[in-house]
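Take a walk through this model, one element at a time. Keep the sequence and the 3D view side by side.

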Amino acid sequence: MSLPLTCSIPGTVIQYKIEIHNHILGHLPHFLNPFGYTFAIIADDMTGALYGENVKKALLNQGLEVYLFTFPHGEENKTRVTKEYIENQLLEKNLGRDTCILALGGGVVTDLAGYIAATYCRGVPLVMLPTTLLGMVDASIGGKTGINVPQGKNLLGCIYQPKLVLMDLSTLSTLPSNEIRNGIVEMIKHGAIADASYFNFLENHSDQILALEPSLLRKAIYDSCLIKKSIVEQDEKENGKRHLLNFGHTIGHALEHLTHYEISHGEAVAIGILVESYLAVLNGYLKQASFDKIWQILKQYALPLQLPIPFSAETLYDAMILDKKSLNGKPRFVMLQEIGSPFKEACISVEDETLRKAVEWMNHDLCRH
């Protein structure tokens, strides 16, 4: 069993454990004792059906007060309307500041439930229970919460750290293969921005990780979480280094928005990683051989790298204007100098013509490959 990781935010009293287990959702009272006696489980309709009722029953059996609230699954439902819908239900149950919110699900659930926890009664305790690989290695760690609006993805939200992150690896066995790949993209991203040896580990064990081989999968998740929490500890509020975690996301979030979430987060970020790596090649920062290696690992993990329709550079540019890294109305990108070694500045702007060339390459060479 891996020792728990601890995420500690310098200059604050915030400190929480990140624990990786198997088959623990039925034994949550042991972990949740410090967080009160009233619990609000927030899940989507899929994770609610798969795990929510069992989690609720396990807590009720310990004499705890527990409620389960669900909403329709899917990124398109991570909205102000859904947030208000869940908040109204919490209020109708007369739940107060002594309530602990349990975010049970993938990234959509953790983003939405985290934002609710941050704002309900001006902040209530939050425990993350990620049930997807993407939720485990990325969305549940670091305190980012948010919802989507018509103008773009995650444009409303805040940073609100959980009290605990509990991962039950047994939940991954219920996921379709494309959901596993969504999480693997974030793991590849972590290696690309911070640790070449971890990138190589993912490259050398793709078959076993896709097959969810227990020991290798646990190591891959643990090491990915270690990278994520280490960066968060250095820059909680995303003033500098934490921008690195957005590698591939400037393009990726824009593609999600423009396709109305027809393509998944992982698929969009995989395309984003390649387009932003291509930008680094065009700017002379990244060697072609390293770019080819990044492309190859995404193909190893069978990412589709397809768009339903091509997008012009102007359309993509407009979709990126509200990206949180934008400066003076211009999008900025995380740039690699080498795998595991980003450019000395966390993110930089590129010339319009360079972006145009990269988008043309995306439309004509990457997404039709």
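On one side of helix 3, Arg80, Val81 and Glu92 are exposed; exposed means over 50% relative accessible area, buried under 20%, and partly exposed in between, with a 1.4 Å probe and protein chains only. Helices (H or I, at least four residues) and strands (E, at least two) are DSSP runs, numbered from the N terminus. The model is predicted: local features need pLDDT of at least 70, side-chain atom pairs count only at pLDDT 80 or more, and totals for chains, interfaces and linings use all residues. Residues are numbered from 1 along each chain as its sequence is written, and side-chain values use heavy atoms, with hydrogens and water left out.

Thr82, Lys83, Ile86, Glu87, Gln89 and Leu90 are buried. They cover an arc of only 160° around the axis, so they sit on the same side of helix 3. The arc is that of the directions from the helix axis to the C-beta atoms. An α-helix has 3.6 residues a turn, so residues three or four places apart point the same way. What do the buried residues of helix 3 pack against? Their partners are strand 3 (38-44), strand 4 (65-71), helix 4 (107-119) and strand 7 (144-149), where contact means heavy atoms within 4.5 Å.

The length of helix 3 can be checked too. Helix 3 holds 13 residues, 80-92, and at 1.5 Å a residue it should span 18 Å. The expected span is 1.5 Å times one less than the number of residues. The end C-alpha atoms of helix 3 are 18 Å apart, which agrees. Just after helix 3, Asn94 has a positive phi of about 60°.

Two strands pair if DSSP finds at least two bridges between them. Strands of a sheet pair through backbone hydrogen bonds, either parallel or antiparallel.

Strand 1 pairs with strand 2 in the antiparallel sense, over four bridges. Ser8 stands opposite Gln15 in strand 2. The two strands form a hairpin with six residues between them, and Gly11 in the turn has a positive phi of about 80°.

Move on to strand 9. Five of its five residues are buried, so strand 9 is largely enclosed by the rest of the structure. Both faces are covered: Leu164, Leu166 and Asp168 are buried on one side, Val165 and Met167 on the other. Strand 2 runs parallel to strand 9, with five bridges joining them. Lys17 has Leu164 as its bridge partner there. Strand 6 also runs parallel to strand 9, joined by two bridges. Met128 has Val165 as its bridge partner.

Asp44 stands opposite Phe71 in strand 4.

Asn154 is found in strand 8 (residues 152-159). It is partly exposed, with a relative accessible area of 27%. Not counting residues up to four places away in sequence, Asn154 touches Lys78, Asp111, Gly146, Ile147, Asn148 and His253. Asn246 lies in the loop between helix 9 and helix 10 (249-258). Is Asn246 buried or exposed? At 3% relative accessibility, Asn246 counts as buried.

Finally, step back. The protein is divided into domain 1 (5-174) and domain 2 (177-366), with bounds from an automatic or database domain assignment. Their centres, taken over C-alpha atoms, are separated by 26 Å. The contact takes 35 residues from domain 1 and 32 residues from domain 2.
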